[in-house]
Number of protein chains: 2
Amino acid sequence: MAVNKQIVLDSRPTDKVSASHFRAVEAPMPKAGEGEFVVRQHYLSLDPYMRGRLSDAKSYAKPQEVGAVMGGGSVGEIVESKNPKFKVGDHVVGPGGWQMFAKGDGLGWNVVDASHIPLQAYVGVVGMPGATAWYGLNEIIKPKAGETVVVSAASGAVGGVVGQLAKLKGAKVVGIAGGKEKCGYVQGELGFDACVDHRSANFGDEMKAALPNGVDGLFENVGGEPFLQTLKRLNDFARIAICGLIASYEAAPTALPDMRIFLVRRIKIEGFIVSDHLNLWPKALGEIGGLVASGKLKYRETVREGLEAAPQGLVDLLSGGNFGKMLVKLV
Amino acid sequence: MAVNKQIVLDSRPTDKVSASHFRAVEAPMPKAGEGEFVVRQHYLSLDPYMRGRLSDAKSYAKPQEVGAVMGGGSVGEIVESKNPKFKVGDHVVGPGGWQMFAKGDGLGWNVVDASHIPLQAYVGVVGMPGATAWYGLNEIIKPKAGETVVVSAASGAVGGVVGQLAKLKGAKVVGIAGGKEKCGYVQGELGFDACVDHRSANFGDEMKAALPNGVDGLFENVGGEPFLQTLKRLNDFARIAICGLIASYEAAPTALPDMRIFLVRRIKIEGFIVSDHLNLWPKALGEIGGLVASGKLKYRETVREGLEAAPQGLVDLLSGGNFGKMLVKLV
């Protein structure tokens with residue numbers, strides 16, 4: 001195999017992203033220079049934050065360059081190495097991007113043990129999404145036993161972990177998800193106390209019914225109507241972790257209509273990006289890894305096949321077309 | 001003196017409060033029963049939170065009852081006592097309300113030392129407003145040396161203390177106040193690094209000019225345009241303490257137009273009510289009292305004369321007609 005198939009960003013979306021904003025290209029196979037290694041990639045991770053990087057508006061991450069290989073997390077296996085810390089055959093997780101083979105020098109890459117936990121879980125439940133769930137729940141919401149925690153995008157890679165961790169802390173957990181099937185999974189499989197379908201015509205009434213004791217903690221992944229409905233049910237001293245606002249990434253911004261709620265209810269809202277808190281990942285992922293290995297923490301994956309499926313996979317993820325962690329399987 | 005002059009709430013304002021919503025009445029002089037005492041009131045405290053209590057909408061405080069003596073903080077002197085902890089001649093601070101004489105049983109009342117600090121300061125800089133400033137600054141904003149802190153209503157009873165405490169911590173402090181005279185006082189007397197007049201036609205540009213390094217902490221007393229202009233200048237990891245939103249108490253709500261700022265900037269916003277944190281008052285007021293007694297912390301008062309001046313005093317306070325702490329002098 002002399003060529004490396006890649007997908008580059010072809011143009012920036014001005015409104016909704018589509019697969020046509022990307023383009024498949026071929027590049028020479030990477031060769032490891034001194035201190036470098038080559039990864040044969042097994043899975044690409046598709047994540048909502050990627051939408052923000054397609055825009056060149058100011059954000060926390062640098063914009064994705066047009067014409068460059070689309071960035072993103074991945075897992076794979078070292079097939080060539082001139083770096084003593086990465087041996088041929090090692091399984092690794094890192095920023096491999098949308099290509100069949102990635103070259104690294106160690107920065108951002110870690111060797112992982114795929115003997116007890118499936119390799120692709122390292123870009124999911126025991127990777128960035130898991131650390132995200134852990135951080136927002138434990139460092140911002142800090143739920144106490146008996147409190148009520150609401151999680152939006154509850155069947156997603158982050159939301160599913162948030163709810164299960166909150167249940168383990170003795171909280172009552174109410175999920176919000178899109179559609180009956182996802183809600184059934186969230187309540188039946190993941191063990192949330194309730195799940196409300198934000199596509200329901202009676203969404204507001206169903207939220208009220210599901211939250212007889214109000215809301216003490218909100219892990220917000222979505223924004224828009226699910227956020228506004230939850231605001232109405234906040235208890236005094238509620239804590240809100242803003243992790244994502246996927247409903248607004250390609251639509252109108254989510255506004256907070258009246259700041260007086262901060263005074264009337266003494267609310268705390270904090271936005272966070274898990275990569276600001278790398279120091280807590282070992283603790284977070286150690287805890288989650290133990291729960292996954294012992295079967296106490298469940299997760300689900302939507303797997304698309306082949307590199308060329310990545311662009312449409314991202315488009316579908318942004319409209320809720322995934323069920324759990326969205327992955328692209330390469331080998 | 002056989003009668004006790006009082007001011008009661010006559011009707012609830014639906015829009016802007018005016019003096020006509022109150023009514024002067026006469027009641028029999030209070031007599032101390034067992035465990036009780038009578039306070040001859042010296043000063044009434046007028047505070048922005050009172051506006052919220054005039055409405056019967058859900059808020060953190062119980063609504064003021066129509067027909068009852070208007071509630072509020074006060075200072076005075078014990079003139080009769082059947083409570084061993086409160087002796088005739090003691091100076092006290094407590095919830096005396098808008099009347100010449102108040103009766104207490106001890107709940108909410110404290111004996112204070114008016115020998116080094118003027119009595120009325122116990123409803124100001126060494127009272128609730130001072131504790132409010134201290135809490136929001138030290139428990140929410142937590143400024144580091146070299147950071148920039150913005151304070152709205154900077155010449156007010158709370159704002160003036162916030163800025164001076166932040167300066168003592170090595171922060172750069174920029175005030176926002178209404179009018180040139182207040183801004184001159186905030187910068188010249190209180191020692192803020194800058195003060196921007198929110199009535200200026202070029203308010204936005206002047207904010208930009210005053211904040212070359214952006215904003216790391218915001219102590220928000222006002223809402224409305226001052227808040228929205230400060231939002232534009234926030235740095236990553238900025239902390240916002242929501243103490244008051246006086247611009248919205250009798251006008252349109254202050255909205256936060258786009259929640260994405262929480263993600264892009266990793267912002268924390270927390271609303272607070274200082275009475276939720278009574279455990280910290282001794283620490284806060286001990287620190288502030290020392291600074292006041294040694295002349296290191298300055299404050300200013302606007303004093304209206306006579307009980308009948310209280311209603312219009314409150315009206316004026318809500319439109320910025322005060323300069324520092326707003327008081328009504330009774331004796």
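Predicted model: local features only at pLDDT ≥ 70, side-chain atom pairs only at ≥ 80, totals over all residues.

Entry 1. What else pairs with E3(A), I wondered, in the antiparallel sense over four bridges? I found strand E15 of chain A, residues 325–329. There, A:Leu44 stands opposite A:Val328.

Entry 2. Next I looked up E4(A), residues 74–81, which runs antiparallel to E3(A) and is joined to it by seven bridges. I noted A:Glu80 in E4(A) as the bridge partner of A:Val38.

Entry 3. Is E3(A) mostly covered or mostly uncovered? I see that it is mostly covered, with nine of the 10 residues in 37–46 buried.

Entry 4. I moved on to chain B, where helix H2 (residues 128–141) packs against helix H3 (residues 159–168) at about 45 degrees, the axes 8 Å apart. Angles from 65 to 115 degrees would count as roughly perpendicular and those under 35 as roughly parallel, so I call H2(B) and H3(B) oblique to each other. I logged their crossing as right-handed.

Entry 5. Which residues meet there? From H2(B) I listed B:Pro129, B:Gly130, B:Ala133, B:Trp134, B:Gly136 and B:Leu137, and from H3(B) B:Val161, B:Val162, B:Leu165 and B:Ala166. I sorted the residues of this contact into eight nonpolar, two polar and no charged.

Methods:
Residues numbered from 1 in each chain as written. Chains lettered and ligands numbered in written order. Axes fitted to C-alpha atoms, helices over the stretch in contact; angles between N-to-C directions. Helix = DSSP H or I, 4+ residues; strand = E, 2+ residues; numbered from the N terminus. Parallel < 35°, antiparallel > 145°, perpendicular 65-115°, else oblique. Left-handed = near helix turned anticlockwise from the far one by under 90°. Contact = placed C-beta atoms within 7 Å. Nonpolar A, V, L, I, M, F, W, Y, C, P; charged D, E, K, R; others polar. Buried ≥ 20, exposed ≤ 12 C-beta atoms within 10 Å, placed from the backbone. Pairing = 2+ DSSP bridges.
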